[in-house]
Amino acid sequence: MKLIRFGKAGQEKAGLLLEDGTRIDASAFTSTYDEAFFVSGGLARLKTWADEHAATAPVVSEDIRWGAPIARPGNIIC
């Protein structure tokens with residue numbers, strides 16, 4: 001599972017790219033992936049959510065715009 005965001009610029013929603021290439025909407029779990037999400041253990045909770053809901057989550061159309069996967073990162077480390 002990979003984190004993605006999708007939608008119009010400035011209005012992106014949280015999503016996931018599954019191993020089979022399917023993009024699903026994860027906005028029912030979280031509105032975005034930001035610092036608060038990561039600090040609060042969001043990745044572990046998202047994994048649990050995805051294990052339970054990925055099969056029934058809305059599929060994101062391939063023609064919908066991709067955004068940066070992380071909203072407003074505090075630091076970029078290379």
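**Labels and cut-offs**

Reply: Start with Phe 37. This is a predicted model. Phe 37 has 4% relative accessibility and counts as buried.

Me: What makes Phe 37 buried?

Reply: Buried means under 20% relative accessible area. Phe 37 has 4%, so Phe 37 is buried.

Me: Why is Phe 38 called partly exposed?

Reply: Its relative accessibility is 34%. The class lies between under 20% for buried and over 50% for exposed, so Phe 38 is partly exposed.

Me: What makes the pair of Phe 37 and Phe 38 edge-to-face?

Reply: The ring centres are 5.1 Å apart, within the 6.5 Å cut-off, so the rings pair. The planes stand at 85 degrees, and over 60 counts as edge-to-face. Tyr 33, Phe 37 and Phe 38 form one aromatic cluster.

Me: How many aromatic pairs does the structure hold?

Reply: Three.

Me: Why is the pair of Phe 29 and Trp 49 called tilted?

Reply: Their centres lie 5.9 Å apart, with the planes at 40 degrees. Stacked needs under 30 degrees and edge-to-face over 60, so this pair is tilted. The pair links distant parts of the chain, 20 residues apart. Phe 29 sits in the loop between strand E3 and helix H1, Trp 49 in helix H2.

Me: How do you know whether Trp 49 is buried or exposed?

Reply: Its relative accessible area is 11%, under 20%, so Trp 49 is buried.

Terms used: Residues numbered from 1 in each chain as written. Predicted model: local features only at pLDDT ≥ 70, side-chain atom pairs only at ≥ 80, totals over all residues. Heavy atoms only, no water. Phe/Tyr/Trp six-rings, centres within 6.5 Å; stacked < 30°, edge-to-face > 60°. Helix = DSSP H or I, 4+ residues; strand = E, 2+ residues; numbered from the N terminus. Buried < 20%, exposed > 50% of the residue type's maximum accessible area, 1.4 Å probe, protein only.
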